[in-house]
Amino acid sequence: MSKQLTGIGREISNRDDSEILSSDVKPLEIKTTREITVAVMGAGSRGNEYTAYGKLFPGTMRVVAVSDIDASRRNAMGDRWDVPQERRFGDFHEMLEAGRDGRLADILIVSLPDALHYEPAMEAMRQGYDILLEKPMAQTERECMDLLARQHETGVMVAVGHVLRYAPYFRALKKALDDGLVGEVVNIQHQEPVMYAHMAHSFVRGNWHDSKATTPMILAKCCHDLDILKWLVGRSCVRVSAEGGIALFRPENAPAGAPARCTDGCSHERECPYSALDIYERKRWFLYVFDLEKDCPSDAIMEKLRTTDYGRCVYRMDNDQPDHIVATLLFEGGVTASFTMDAFTPWGGRRTRVMGTLGYIEGDGKTFTLHRFDTGKSHVWSYVPPEGGKYRDSGHAGGDLALMRDFLQAVDTRDFSLLSSSLDASVESHVMGFACERSRLSGGKASVTHLGNAPIAPNMI
Ligand SMILES: NC(=O)c1ccc[n+]([C@@H]2O[C@H](COP(=O)([O-])OP(=O)(O)OC[C@H]3O[C@@H](n4cnc5c(N)ncnc54)[C@H](O)[C@@H]3O)[C@@H](O)[C@H]2O)c1
């Protein structure tokens, strides 16, 4: 370690134990000085999740323009917000075109597929929108740098969809570290358990199965985790190294005689945990992807399984995303972290262990326990929904709507500091992801070189 460490308790030892983990869980409700107008590109799952804020808290925001190539999604959102027909656009280029003589709204939510973030964000910044840009922000490091340069040039506000930074659990964890409750952070172990069926749904059969058409798994799924690690450590990352690959979802692992689709009378279907019939028809998981409700007729699901990739055998897909990744990260000052992404778990969420000079924290995404070496005491922090559970829990442990809240408030007050997932901060963690992927593919190591807060260029070493 290049820094000086001490295991001697600091003034924190004298603090009242009962309050040691109190965190500032902000209420979900805010009042804005005006109704902020919103244009949405991509009226799918994420577009709907963020704009749900305006229905929970009327008067804060209103959707005034929507773009989606899927007419039913476009019109569902358009009808929900009474968007005039002339402000309902198909392809996102039409919305950009309509904004050339003046932006259509105060803010733009870019919740399009991964490959369609860079182009609209670059043009929308030029048009003067403040942007909520879904992660991953772009498909290459060069594009990330372009976005950052354009944002600095235009001075607009950009929040990247790193929703975990806004989740009460991670805010409390971050506060505990910033308050020095574990002393100096020496090492973090962090796991992203993807969950076996979620892996099959999103990264083998689904939208993210092809890393070249979207982004590599380490960005598509894990950019949240690299971002959280960097944020928790509070230092720049200087070196990464990664391993991993596809252990299971390969043609050679298909059971004998398995047909191309689970709907084609596969004799292994009943015992296969990845059976599309089991996941979608019997368990009724992930039906949002078909815009179907849980109580829909079986026929509606079967039709989707016969005609879309979601009915295909997991061993016979054109997937290239790894089902396990192990990465080690070195931060300035010698702080280390290890990260694993694991498809083969029964649950999703996050698991984190923080090792510090004065204490240890172990958490599961909802609850964490601090063990202090100086007092010998343990303290537990548990998630309590804001406003006592008055509002529905949003995704990512409450992070989705909390990000929308902070973004609206930041736009309303022009206080950029309300956004912790700024473009500057997010570019750094994206660069870490690209470096991890290079390392994984080359079997070598990659370094991430930083100058203050600005990543210059990641180099192979
Ligand atoms: N922040 C997070 O935690 C998080 C979670 C899930 C997904 N995401 C990201 O959010 C983005 C959107 O994901 P999603 O799950 O909402 O996907 P989705 O498929 O539900 O929604 C995307 C929408 O974009 C529309 N679309 C596609 N091409 C278009 C075009 N050319 N013009 C206009 N509309 C077009 C589609 O019809 C679809 O309705 C992705 O980049 C994804 O990686 C982020």
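Please keep in mind that the model is predicted.

I will start with the nonpolar cores. The largest one has 110 residues. Seven residues have the most contacts inside this core: Met137, Leu147, Tyr280, Leu305, Leu329, Phe331 and Ile361. Take Tyr280 as the example. What is Tyr280 in contact with, leaving aside its neighbours within four places in sequence? The list is His201, Arg205, Trp285, Phe286, Leu287, Phe290, Ile301, Leu305 and Tyr310. Leu305 in that list is also among the residues with the most contacts inside the core. Another core, of 32 residues, lies apart from the largest one. Its members include Tyr53, Ala159, Tyr166 and Tyr391.

The structure holds 3 cavities of 30 Å³ or more. Which residues lie nearest its centre? They are Ala258, Cys262, Cys266, Cys272 and Cys313, out of a lining of 15 residues. By type, this lining has 10 nonpolar, 2 polar and 3 charged residues.

Last, the ligand. There are 27 residues around it, and those that come nearest are Arg46, Asp68, Asp91, Asp114 and His224. For Asp68, an N or O atom of the side chain is 2.6 Å from a ligand oxygen. For Arg46, a backbone N or O atom lies 2.8 Å from an oxygen atom of the ligand. Lys135 also uses a backbone N or O atom, at 3.5 Å from a ligand oxygen.

That is the end of the talk.

Technical notes
Residues numbered from 1 in each chain as written. Predicted model: local features only at pLDDT ≥ 70, side-chain atom pairs only at ≥ 80, totals over all residues. Heavy atoms only, no water. Core = buried A, V, L, I, M, F, W, Y, C linked by side-chain atoms within 4.5 Å. Buried < 20%, exposed > 50% of the residue type's maximum accessible area, 1.4 Å probe, protein only. Contact = heavy atoms within 4.5 Å. 1 Å grid on protein atoms, 1.4 Å probe; cavity = no way out; pocket = protein on both sides within 12 Å on 5 of 7 lines; lining within 4 Å. Points joined across faces, edges and corners; volume = space filled by probe spheres on them. Nonpolar A, V, L, I, M, F, W, Y, C, P; charged D, E, K, R; others polar. Near = heavy atom within 4 Å. Polar contact = N/O pair within 3.5 Å; in protein donor to acceptor, adjacent residues only side chain to side chain.
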